[in-house]
Amino acid sequence: SGMVLGAAQNADALSDRERDVIVSLVQGMSNKEIADHLFISVNTVITHRRNIARKLQIHSPAGLTIYAIINGLVDISSVKL
């Protein structure tokens, strides 16, 4: 949708941590796996996810996956489909 493409300009609005969370999500990790991977608590992962959804106005894993690919956060070969 145009919404996901429109969000492309907001890549700069994300913190490095938020980008890490998106990349982990797109690779198919659960909140717990992301927490372990980034050495943060599950609550912090959930907070990051909420902030990401609010900043980008993208609320589905599929939308975040498209966003991550369009913005070069992940290589399409690393995406868990």
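Guide: A crossing is left-handed if the near helix is turned anticlockwise from the far one by less than a right angle, and right-handed if clockwise. Helix 2 passes helix 5 in such a left-handed crossing. The model is predicted, with local features needing pLDDT of at least 70, side-chain atom pairs pLDDT 80 or more, and totals for chains, interfaces and linings using all residues. Residues are numbered from 1 along each chain, and side-chain values use heavy atoms, without hydrogens and water.

Visitor: Why are helix 2 and helix 5 called roughly perpendicular?

Guide: The axes of helix 2 (residues 16–26) and helix 5 (residues 61–70) cross at roughly 115° and come within 9 Å. Angles of 65 to 115 degrees count as roughly perpendicular, and the two helices are therefore described in that way.

Visitor: What makes the contact between helix 2 and helix 5?

Guide: I22, L25 and V26 of helix 2 meet L64, T65, Y67 and A68 of helix 5, where contact means heavy atoms within 4.5 Å. By class, this contact has 6 nonpolar residues, 1 polar and no charged ones.

Visitor: Why is T44 called partly exposed?

Guide: T44 has a relative accessible area of 31%. Buried means under 20%, exposed over 50%, and partly exposed in between (1.4 Å probe, protein chains only); T44 is therefore partly exposed. T44 lies in helix 4 (residues 42–56).

Visitor: Which side chain does the side chain of T44 touch in a polar contact?

Guide: The partner is the side chain of S41, at 2.9 Å. N31 is 13 residues from T44 in sequence and 9.5 Å away in space, C-alpha to C-alpha.

Technical notes:
Axes fitted to C-alpha atoms, helices over the stretch in contact; angles between N-to-C directions. Helix = DSSP H or I, 4+ residues; strand = E, 2+ residues; numbered from the N terminus. Parallel < 35°, antiparallel > 145°, perpendicular 65-115°, else oblique. Nonpolar A, V, L, I, M, F, W, Y, C, P; charged D, E, K, R; others polar. Polar contact = N/O pair within 3.5 Å; in protein donor to acceptor, adjacent residues only side chain to side chain.
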